[in-house]
Amino acid sequence: MALPDGGTPFCIFYHEKTKYSPESLARRTRGLDWGSQPGTSKAYKTGEILDLKPFLPGQPQADADDERTRLARLLYLTYGVTAVVSYPEQSLYMRAAPSAGGLYPAEVYVLSRGTGTLPAGLYNYQVQSHSLVRFWSGEVWAEASAACFEHPAFRDSSIAIVVSAVFFRSAWRYEDRAYRRIFLDSGHLVGNLELAAALERYHVHLVTGFCDDALNALLFLPSQEEAVIAVGVLRDRTSEPVAGWTALPSTVQTDYPPVPEGQRLTYLHECSKLDAKPVPASPSAGEDKYNFPFCLKVPVETAPLDWRGSLDEAILKRRSTRQYADEALTLDELRALLDFTYQPQHYRDQRLDPDPEYAHLHLLSTFVAVLAVGGLEEGCYYYAPQAQELRQMRFKNFRREIHHLCLGQELGRDSGAVVFHTADLPAAVALYGERVYRTLHLDSGHLAQRLNLAAVHLGLGVSGIAGFFDDQVNQLLDIPAQEAVLYITTLGRPSPGAA
């Protein structure tokens, strides 16, 4: 997968080198060093602590109009601890946002301009205690705005949520391929943030184009170990909208030295950094990409799900399903899943955000493998979000093939439908440079989180799969090699008693 001039951008080189195949997995001999497994949260030895637990709903200090209550609820629904699983060595603190392997590579920070209840400074969200630690006091807003190239959302806002990645938390297990998983995991978190913010009457201005080194330095992040990957500026929903970018293009690097295995993750992150604001790219209108003459076209437009009073419950109940029952989904259920994920404007009347921000939604494609959906022929379909229809590409039951390409996981075999997110990687890189690799995965995780929550709301099972035989997915979907497969979400009816 090269650009028209013949050069191969590093992110495409990285994608090819981190693909799974039966042969590459057979060659792997490295086992996990359990003694070196990193922790899943940071601890600060000094700093002023703001306990957020008293401001959660039902607690004595909770007040729906109080900024601390809104922030406490927002952070809890975004990344808070929803269960504790005890193991002999240590406990696993499960979060509101899913993470591959329970490794939770993301850290969450709060930047305050200074308000009546949240003094100016830098805060880290202490997940296990549901508190904020202010590890730096004083003016930071001007520096943060400058690092984000004076994004207009900063002008009349006071709070920003910053998401960073601690690379080794995921790389400890998944090695170089961890870069993909880190951004998918963080996309889940951003999906929660968008929905939780709407419940608290905020709109999230997502900023993924910023000066990396300046923002990392502002937060005192250790070089090569942790880095900012997304910023969400909170603005009151009643404020006038502002026009700003979500993503910015980086350079393309086609001349690079040999980068050995184990260093490709770090190299990709470094070569996709920004140090000055480039000219924003002009996104396309986002037309449906695939249209096949004479193919079966199934309308999927439907009435929106009723979320009134239940969205927060779905966020806190969400778990990755471990086993599916041998029972089909219904076409109405699939319609509802797709509607909530891709048609947010249908939920305006429920006070959800009708226009959540993505970096590159127009560059993503969605395919659905139908294995057992009542009223729908088995096969592979392209989902056309503008037309709101499924367009059949291939007709066959692909259960055996999906079982194999999902690395033999029974979730792939037993699901009723499997959703694939893909992107034409060379075309995306030609528009947005190396940095697009980050944001394509971030957006895929964001979409997948909406799928997760809609499935929970409907009483269905759902589980994301980021480990798969890449090229075999392309063969199954019958899509070109340059269409990079980013994420898989399996959907089914959970077995009784299965998580």
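**A tour of the predicted chain**

Colour the protein chain by secondary structure to bring up its 15 helices and 18 strands, which are DSSP runs numbered from the N terminus (helices being H or I of at least four residues, strands E of at least two). This is a predicted model, in which local features need pLDDT of at least 70 and side-chain atom pairs count only at pLDDT 80 or more, while totals for chains, interfaces and linings use all residues. Residues are numbered from 1 along each chain as its sequence is written, and side-chain values use heavy atoms, with hydrogens and water left out.

Select the buried residues (under 20% relative accessible area with a 1.4 Å probe, protein chains only), and 58% of the 499 residues will be highlighted.

Within that selection, go to L75, I161 and L390, which touch the most other members of the largest nonpolar core, a set of 109 residues; such a core is made of buried Ala, Val, Leu, Ile, Met, Phe, Trp, Tyr and Cys residues joined through side-chain atoms within 4.5 Å. Helix 6 (residues 178-199) gives this core its largest share, 11 residues.

Now centre on L390 and display its contacts (heavy atoms within 4.5 Å): leaving aside neighbours within four places in sequence, the partners of L390 include L296, V298, L334, V368 and Y382, and also K297.

Finally, select A144, L219, V231 and W245, which are among the 27 residues of a second, separate core.

Key: Buried < 20%, exposed > 50% of the residue type's maximum accessible area, 1.4 Å probe, protein only.
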